[in-house]
Amino acid sequence: MSTGESKTVCVTGASGYIASWLVKLLLQKGYTVKATVRNPNDAKKTEHLLSLDGAKDRLHLFKADLLEEGSFDAVIDGCVGVFHTASPAQYSATDPQVELIEPAVKGTLNVLKSCAKFPTVKRVVLTSSLASVRLSGKPLTSDVVMDETWYSDPHFCETIKQWYPLSKTLAEEAAWKFAKENGIDLVTIHPGIVIGPLLQPTLNLSVEYLLNLMSGIETPFINYAFVDVRDVAFAHIQAFEVPSANGRYCLVAQVADGPDTLKILRELYPTLSLCEPGNPSGSKFQVSREKAKCLGITFLPLEMSLKDTVESVMEKGFLKF
């Protein structure tokens, strides 16, 4: 019998990149999944979920609104675990408060308020980001090893107009405060730049960054803290199932700059037209894997993640030789 057999869990924002893989792995483990999407009738957002093995019998889609308190009550009722992945992911915003900060913070609190109503919920796993860890204002030099004790500084994020990291930082702060006050067992997951094969039919932000790097379009980070989407989804499940799991978990397989990444891609795909690699960064920080290892995570090699990403985006028509 698999761990999840006869157990029901909730996944918010289920049509997203990480969440789609999470739903896939949960169904494989025998869980019944109550998943929220903005519009269950939008086939473009749901078809890839409904076609997953086990979906016919054990996947149930619900409409829910992050900004509406009580919107998640019906979904979370009866669940033993909640995976909150839903949050806007964009790096530029005309109105950061409306587009990013309010949905991230208020949405997280609305989900947690629903969790607090149902004693069946044993643990909540929140998808945060390395963005809520790395932007402290400290220089990220080659002798730096970042870990779970690092926290992004909201004032610093605001000063340098990094609205997405600000939204993730404020949402995480609000989540820990609410969880402590209401006795919720909370674990937060902090992946870096997530790559790997896509289940959803649309291009997501992190994979788009990789394509931009390959084509020479300016990208926001010199050093990429890469991690595979399959490892991230697996880590979420481990964070729920492993009794000793607690606190925050940084997930980074390897830090690589643009030239590093393009060198690997050139070796994998000699005929692929790639931009010039540019100058190495000269200073690559590291991210500790020690706590992630406690969840049983053994990260996929960057070469495999890059190869599988390229194969996937070519298959879906986002990249051509």
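**Figure 1. The largest cavity of the predicted model.** About 60 Å³ of space lies in the largest cavity, where a cavity is a set of points, on a 1 Å grid over the protein atoms alone, at which a 1.4 Å probe fits but cannot get out, and the volume is the space filled by probe spheres set on points joined across faces, edges and corners. The count comes to 1 cavity of 30 Å³ or more. This is a predicted model, in which local features need pLDDT of at least 70 and side-chain atom pairs count only at pLDDT 80 or more, whereas totals for chains, interfaces and linings use all residues. Residues are numbered from 1 along each chain as its sequence is written, and side-chain values use heavy atoms, with hydrogens and water left out.

**Figure 2. The lining of the largest cavity.** Lining residues, which have an atom within 4 Å of a point, include H84, S87, T108, K168 and E172. At least two residues each come from α5 (96-116), β5 (123-127) and α8 (163-182), helices (H or I, at least four residues) and strands (E, at least two) being DSSP runs numbered from the N terminus; α8 gives the most, with 3 residues.

Figure 3. The 7 strands are ordered β3-β2-β1-β4-β5-β7-β10 with parallel pairing, two strands being paired if DSSP finds at least two bridges between them. The edge strands, β3 (59-63) and β10 (247-251), each pair on one side only. Strand β2 (residues 32-37) and β3 pair in the parallel sense over 5 bridges, and the bridge partner of A35 in β3 is L61. Helix α8 packs on the sheet, touching β5, β7 and β10, with contact meaning heavy atoms within 4.5 Å.

Technical notes:
On a 1 Å grid over the protein atoms alone, a cavity is a set of points where a 1.4 Å probe fits but cannot get out, and a pocket is an open set with protein on both sides within 12 Å along at least five of seven lines; lining residues have an atom within 4 Å of a point. Axes are lines fitted to C-alpha atoms, for helices over the stretch in contact, and angles run from 0 to 180 degrees between N-to-C directions.
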